[in-house]
Amino acid sequence: HQPGHEGATASGPRVSRTVLLLGLTSLFTDVASEMVVTVLPLYLVYVGQFSPVAFGFIDGLQRGAAALVGLASGFAGDRFRRHKEVAATGYGLSAVVKLGLATAGTALSAISALVLVDRIGKGIRTAPRDAMISLSTPKEELGAAFGVHRALDTTGAMLGPLLAFGLLTAAPQRYDAIWVVSFCFAIMGVAVITLLVRDVRAPVAEPIS
């Protein structure tokens, strides 16, 4: 096995513990994120009475901010060999945002700042998380590893909207309940990567003599 890889067998691909735990982290985080993303337009338009321009500004932040920090986070994880710490920071930022929404009201400045921080958190965590998956998996089994992770990630993205609209059906206009429940799921994701995932580091290349 290559250094840092875990979970491979001669009989066929077996997804490593690290990949499964990172998949669970993404599942919980995506439940939280999609709960917010799904109902945020309703909240902004019908509760906050946002204008089309203000709503477009928030939507633009949601779609574009993550790309601004993705490269930097990947570099930081590689440079300091701290992929887990960088990824956990990104997940933690996104979790704090969910709690912030419960107290922010409908002020444009507060909502904008929280959405920006959430997208920055997403940008921070993606590259080092993927690096951890690669480092814990033999190269011939990377397809299976990323496939399992993506399946868990997508499951969370599917459950989030269902849970959000289920809560709104049971308690109409109680957006605060959605923010609190999403925060609980986000904290579960942070707990998994912080407490259960072992840091996987690339071997240091020996200098060429």
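This is a predicted model: local features need pLDDT of at least 70, side-chain atom pairs count only at pLDDT 80 or more; totals for chains, interfaces and linings use all residues.
Residues are numbered from 1 along each chain as its sequence is written, and side-chain values use heavy atoms, with hydrogens and water left out.

**Aromatic rings**

I looked up ring pairs (Phe, Tyr and the six-membered ring of Trp, centres within 6.5 Å; planes under 30 degrees apart are stacked, over 60 edge-to-face, the rest tilted). The structure has three such pairs. In one of them, Y43 and Y175 sit 5.2 Å centre to centre with 55° between the planes, a tilted pair. Y43 is in helix α1 and Y175 in helix α6 (residues 175-196), so this pair ties together parts 132 residues apart in sequence. I took helices as DSSP runs (H or I, at least four residues), numbered from the N terminus.

Next I checked Y43 against W179: the ring centres are 5.3 Å apart and the planes at 85°, so I noted edge-to-face. That pair also links distant parts of the chain, with W179 in helix α6, 136 residues from Y43.

Are Y43 and Y175 buried or exposed? Both are buried. Y43 has a relative accessible area of 8%, and W179, also buried, has 2%. I logged Y43, Y175 and W179 as one aromatic cluster.

**Further along helix α1**

I then looked at V47, which is in helix α1 (residues 17-47). V47 counts as partly exposed because its relative accessibility is 35%.

Methods. Helices (H or I, at least four residues) and strands (E, at least two) are DSSP runs, numbered from the N terminus. Buried means under 20% relative accessible area, exposed over 50%, partly exposed in between (1.4 Å probe, protein chains only).
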